[in-house]
Each structure stands twice: as C-alpha cells, then as structure tokens.
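Below is a set of questions and answers on how terms apply to one model. Please look at the structure before reading on.

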Amino acid sequence: MAEAHSAVAFSFAITHEGVHVNYDREVLHVIWHSGVRTWRRGIRRFINNIRCGVFPASLSSLALTVGGYNAMYLSRDLYGTKFDISLGLVDILKKHVKLEEPAKGVVCCTVSAFAVWCGVFIFMRYTLRLLFMYKGWMYEERGSGRKMSLTSRVWIVALKSLTWFSRPMLYSYQGALPRLPLPALKDTMDRYLRSVRPLMDDENYVRMEKLAQDFQTGIGKKLQRYLVLKSWWASNYVTDWWEEFVYLRGRSPIMVNSNFYGTDAILLHPTQIQAARAANVTHAAFLFRRLIDNQQLKPIMAQNLVPLCSYQYDRTFNTTRIPGIQTDKIVHFSDSTHIAVYHAGRFFKMPCYYKGRLLNPKELQIQFERILADESVPEKGEANLGALTAGERKPWAEARTKFFSKGINRLSLAAIEKAAFVVVLEEEEYDYCENKASQLDRFGRAMLHGKGYDRWYDKSFNVIIMKNGRIGFNAEHSWADAAVMSHLWEFIITEDLITIGYDENGNCNGVASCDPPVPTRLKWELNQECLQVIDSSFRVAEALLNDVDLRLYMHTAYGKGFMKACRLSPDAYTQMALQLAYYRDAGKFNLTYEASMTRLFRDGRTETVRPCTIESAAWVKAMEDKTVSNEERVALLKKACIQHQNAYRDAMCGKGIDRHLFCLYVISKYLEVDNPFLNEVLSEPWRLSTSQTPHGQTTKMDLTKNPKCISAGGGFGPVADDGYGVSYIIAGEDTLFFHVSSKKSSPVTDSHKFARQIEKALLDMKNLFESLKKK
C-alpha cells in the first residue's frame, strides 16, 4: 500500500468547507524533471540530426561563410573595391527585397552565402559518396615490404582532404554511404557454380550447370529487372526483405534457433557480489545508450578510413520483438528510464533515473539488493511466464492478444517491453576452471537458453548476472547483427572492469547521494487457459534446449601471432582449420556458411562467404594424402587462404552470392513463379555454419595493458539438424575460443568430438609450418 500511496501525486476534494487540495511535492518534482529530460533529449536530437545532415560540412562553417561573406561584401562599399564576391547575386536579390539599407544588404548577403555554402556542402557530400564507392583499397596487399597502388594512394589523400577537419558523430556518414550494388546475374551464376564444384560429382555438377543456365537465360532475366528497380528505389535492396523473411516471418522458437549469446571475460572475476556486478553493468549499459542518443559514439572505421553503417545502433535499447500470427514486428520506443529485472520467478520494474539523473552504481546496487532481499513467492505460472517468448511464435501471438491486451497483465507486459533492457539475477553460481572444461560448457548453455523460461527472449538483449557475479548476455537477432551487440558488450566489460571498478570488499565504488526509488514487483492475472498455453510453450522450449549439444573450447597453444608470422590471414587460417576438421569428422565436404558484413554500404547487414572452395578442398585432400609433401601442402594452404580472403572481400563489397539469390527467390514468390534452380539453391542446408566474433571495436579496450580482459566471445545454436554451428573469437596473440553447437538427436554430429577435431587440425597446421623451418 505504501507504493500505491506514494503514486498519488495530486488530488482534491470538495466539501462544505470548500476545496481541499492535496499533492505530493516529491512526486511532482520527479514528474517535472522527467518532462525537462524529455525536452532536452528532443532538442539535442534535433540539433544532432542537423549536424549529421550537413556532414562533412559543419554548422560552424556555415556561420563563418555567412559572416565572411557579409564582411567581404560590405567592405566593397566601405573601401570602394570593384570585386563582388557574390558575382552579382546580391545585387539581383536586392531587386526583390523590400528593406532599407543596410538591412537589405545583410539579408541578401546572408541568403547568397547560404546558397554558396549549400552548393559546396552538396558537392562535398556527393564527392564523399563517390570516394566511398571505390573498393580497390580492400584488395591491396598488406604487410611490410608491400606497396599500395597509386590509385589507392590518391584515393586516401582525396578522402582525408574532405574529412580531416570534421568530427564525425555516430550517424554523420549515413547520408554519404553508397547503396549496396546489385551484381550482374551472370557474375552471380558463375560464382555460385564455382562454389558448389567441390561439393558435387561430375554428373550432379553438369545437372546444376544446366539448371543455372536455364535460369540465367530464362526467368532469371525478368526477376533481375525487378530487382534492379528495387535497388534504384530502396536504400538497400536486401535488408528489409532479409529482416522480414529470415527473421520476423519465422514461426519456430527464436530461443536457440535465432537468439545468440555472449560471455564474460572469464580470466577475470572482479567481485563475487551479484548486486554490485549487476549495478556496474547496468550503469555502463546506460552510458552506452547515452553515447548513442547524443551521437557521441564514434562510428566504426575500416582501416581508419571508411565508415561502417551505424543504423543498427538505433534499436539497441528500448526495443522488443512483438509476436504476430503470420509475422512479428520490431517495436522501438524513443526512451525508457527503467529496466525489467527477473529474479526467483518474479519480474520487477526498476527505475534507473531519479529527478532526471542516471543513478550511480552505488544507488543501483541498493535497488538490486532490495530485489534480492524480496522474499515474496511467485504466483502460479508466473515463474514460467518467459517461456511464452521461447516457444512457437503463433501461440504466443494468440496468447498476447487474448490474455495480455488489457488490465493488469497489459500494464505489466508493457513494463517489460518498454524497458531499456532486461536484467536476469540468477540463483545459481557459474565459474570457469581450466581443468574442468564442462564448467565453461555449462556457462555457455546458461547464456544460450537458460531454463527455457527465465529470459525474455523477445527483448533486444538480456543481461544475465550469476549468483557469484559472473555475467553474460542473450540477444534477439532481428534488430541487429552480432557486431553491434559485441560493441556494446565490449564497452560494458571495459567500463565495468577498468573504469568503474569495485572497492576492496567487492561493492560498487562511490556513495549513494539519494535514496533510490523502490523497484516495483509486476503483478499478473493468469487464468487456467493462460497457464496451459504457458506450459505448452515451456514444453516446446524444454525439448529444444535439451537437444542442444554445446562445447566451448579454449585453444591456448597459439593464436593470431603465429598465423600472422606464417603471412596468412587469421580468419582464413581458422576457416581452413574448420574445413579440415569437418572433413575428418564427416568424411566429406559440405556447404559452409561464414557471416561477413556489408556495412560499407547504407543499411547493410550481412552477406555469406562460402569457405568450402575448390582450393580449400584441394588442400584438405592433400593433408589426408601421405604422398603429398609438406611444401606442397603449405603452397596449397596459402592458395586456399588467398581465395578465401578474396571471397570475403567480394562479399563485403557487394559481390556476394547468397543475398542476391535470396532476393531473386523472394521476387519469384511474389510473382508466383516456381523455379527448380532457385528452389534447390535455397533449400541447400548449411551443415557447417560459422561466424567470427569481432573485438577491439572500442579504443577503451587495450588488451596489451589488460590482457585478461579478453572475452570468451559468444555463440549460437546449430542451423541444420545434422550440422554444426561454430562461432570463434581470435581473442589474442595466443588464444582462440570456439563455441561448437549441434543437436544431440543427430546421429552424425558430436560437438565434443568436433572440438577435438578442431584442436587436431590446428596442431597439424602448426606442425606443417614448423617442419619447413627445420629444413
């Protein structure tokens, strides 16, 4: 009742003695600060949007242009010079302005200066876009003793001359980024056929060649014309369809199948106090959100020259996925001052701002301690409520409409969905021990799926705090790709471990300058029919998570230092190791997926690299052929790595295979055209699906000074029922992490066995190079 009483900010009553007004000054004060904060955010966003809209020019350059223009024009009249900086434009404008001098001259000069400034700004913007369209720099050889081409050197000079004087904000480059180019149909067909050659015998390859040729000369031309039209009209011809058809229209559970996870910096354990770690991490997350809102986050730059598209950052916070009968939708709220906290089967709404100020870590720790101290028992079905977001999408959509669209359930659901993010306070301890690999596997499973009901899988991300202070996250995939979430996570870990820190007792540093608001437990009214839907969703989620076979393998024998010493790309080297491991495990080659990004283009997301190539297959077979010398094996490996690097660059530059074919397939479905080539291509299973976790995206993380801040990276569930999902992070000079997932129900996969094959492949590759050095 105390919470309900304090919520009444203003009331009045009319009696025979007159009107009696009662109000709570403290609550009205909070409301006032909330309004002021909203107005400030709105004004700041408006100004920032203008600053980004005129980049690479600036508002200060506009002021200097107008001021200088007026000064030079007026000085002509004062000193009698004949030179007119406006080339007669001011005199023309004066004929149409009915003002007295000198106001007429000032107004006309200002308009003329603004027109000139706009012309220069537009010229700079389109010149910048033309420069960003050049991708030759990506194909330049790097390293000592290798020279860059004259074209790329001139390009660098031109690019720096346009941007050296500017301070870009997060979204400054968005208007200057080029559109994703649409490949020619013939080029995509040629690349596709080359990519499947090592997977097919001669008979099947000839058949596939015939299908591809018929498609290219037949219906493919018509589909391509429609796609050309879309590429002219849309900012990105792939992204909206990719988001809708790959993510939002999927009706199967997103837990394991779509959501991905990240882990702690496992070599460090700064505190055992759960509330303190939760407070620091929450505070750091809100600092990152502030950087996004103020656009103070520096855009990621490739080679410190070319920006990556930043549009995905906008939906990092205050975002949720809403279930629908046929398709879901992503809903982003402009602001949120609270988080949702799950603990011991109950949800809490926890305010993180007080009087317009973000609470400091010490104050947040007090709030988390209050939640941990709350001994209330969850109502029937309440503990398993999160299973609705873990099961099939259609039943959740129907239940949301039927049971959560009104009353107290609607208010409680809105508190979760409108939260900045979700924090889960676990009741179990998780840790890492070098001698007990199963501990890391158990930790990864907790991040990937938990218990099937103790996460809100629809939220953009859940931060998970273990009872002993270990942390991780589970993220929904439709709103953004892993690189954006990795950037946030890297910032959080760095801010938590290096900047904020803890006192000698493991509590948050600093002092509480106020008594923070009390978290509110969310209430639910769950009838028997609703409880049955929750239980049904939980049984689906439980069956799914029980089928997951997850292995986290930490490789410390060597890392990227050795790979670079071999003059090979660490990513290409690792992918070749995976090819060798898979061939030894399965006894054959299979279609392999590696995620790359297309964020060099506006609204870009991902493209597929196909690491199983003619060159990689030749090298793998050579490794298994005892008659082949090590010299030949090394030569074949280098050739395979070069091919992989070029394919990766092609994918980043818009010359990929799979997104183009995907969009052609979507158009064919809209036109109700059934094509055997597209049907076969789009139904091919990715039995080895891989992804590298990026790191080093923030300058705050200096692994040289803080080598133990290395995160173990993250992972995802298996894509194919009889395949593997492998996420890896090249974490340091001597450390690699592999997250291997598969399904226990598959008789042909075993994540632990595959991890051992990866270990053996990496060892054999090292021995290969070392054997040559001994000669």
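Q: Which strands does helix α12 lie across, and what angle does its direction make with β9?
A: Helix α12 (residues 361-373) lies across β8 (338-343), β9 (346-351) and β12 (422-425), at about 160° to β9. Axes are lines fitted to C-alpha atoms, for helices over the stretch in contact, and angles run from 0 to 180 degrees between N-to-C directions. Helices (H or I, at least four residues) and strands (E, at least two) are DSSP runs, numbered from the N terminus. Helix α15 (residues 437-448) also packs on the sheet, touching β3, β13 (461-465), β14 (471-475) and β20, and its direction makes about 135° with that of β3.

Q: What kind of model is this, and how are residues numbered?
A: This is a predicted model, in which local features need pLDDT of at least 70 and side-chain atom pairs count only at pLDDT 80 or more, while totals for chains, interfaces and linings use all residues. Residues are numbered from 1 along each chain as its sequence is written, and side-chain values use heavy atoms, with hydrogens and water left out.

Q: Why are β15 and β20 said to stand at the edges of the sheet?
A: The open sheet has eight strands in the order β15-β9-β8-β12-β13-β14-β3-β20, with mixed pairing. β15 (520-521) and β20 (714-716) each have a single partner strand, so one side of each is left without a neighbour in the sheet.

Q: What makes β3 and β20 a pair?
A: Two strands pair if DSSP finds at least two bridges between them. Three bridges join β3 (residues 260-263) to β20, and the two run antiparallel. Gly-262 stands opposite Gly-714 in β20.

Q: Why is Leu-358 called buried?
A: Buried means under 20% relative accessible area, exposed over 50%, and partly exposed in between (1.4 Å probe, protein chains only). Leu-358 has 7% relative accessibility and therefore counts as buried. Leu-358 lies in strand β11 (residues 357-358).

Q: Which residues is Leu-358 in contact with, leaving aside neighbours within four places in sequence?
A: Contact means heavy atoms within 4.5 Å. Leu-358 is in contact with His-283, Phe-286, Leu-287, Arg-290, Cys-352 and Tyr-353. Leu-358 and Phe-286 are 72 residues apart in sequence and 8.0 Å apart in space, C-alpha to C-alpha.

Q: What makes the pair of Phe-421 and Phe-461 stacked?
A: Rings of Phe, Tyr and Trp (its six-membered ring) pair if their centres lie within 6.5 Å; planes under 30 degrees apart count as stacked, over 60 as edge-to-face and the rest as tilted. Phe-421 and Phe-461 are 5.0 Å centre to centre with 15° between the planes, and the pair is stacked. Phe-421 lies in the loop between α14 (407-417) and β12 and Phe-461 in strand β13, so the pair ties together parts that are 40 residues apart in sequence. Both residues, Phe-421 and Phe-461, are buried.

Q: How do you know that Arg-442 sits over the ring of Tyr-430?
A: A charge sits over a ring if NZ of Lys or CZ of Arg is within 6 Å of the ring centre and within 35 degrees of the ring normal. The charged end of Arg-442 sits over the ring of Tyr-430, 4.1 Å from its centre. Arg-197 lies over the face of Tyr-205, at 4.5 Å from the ring centre.
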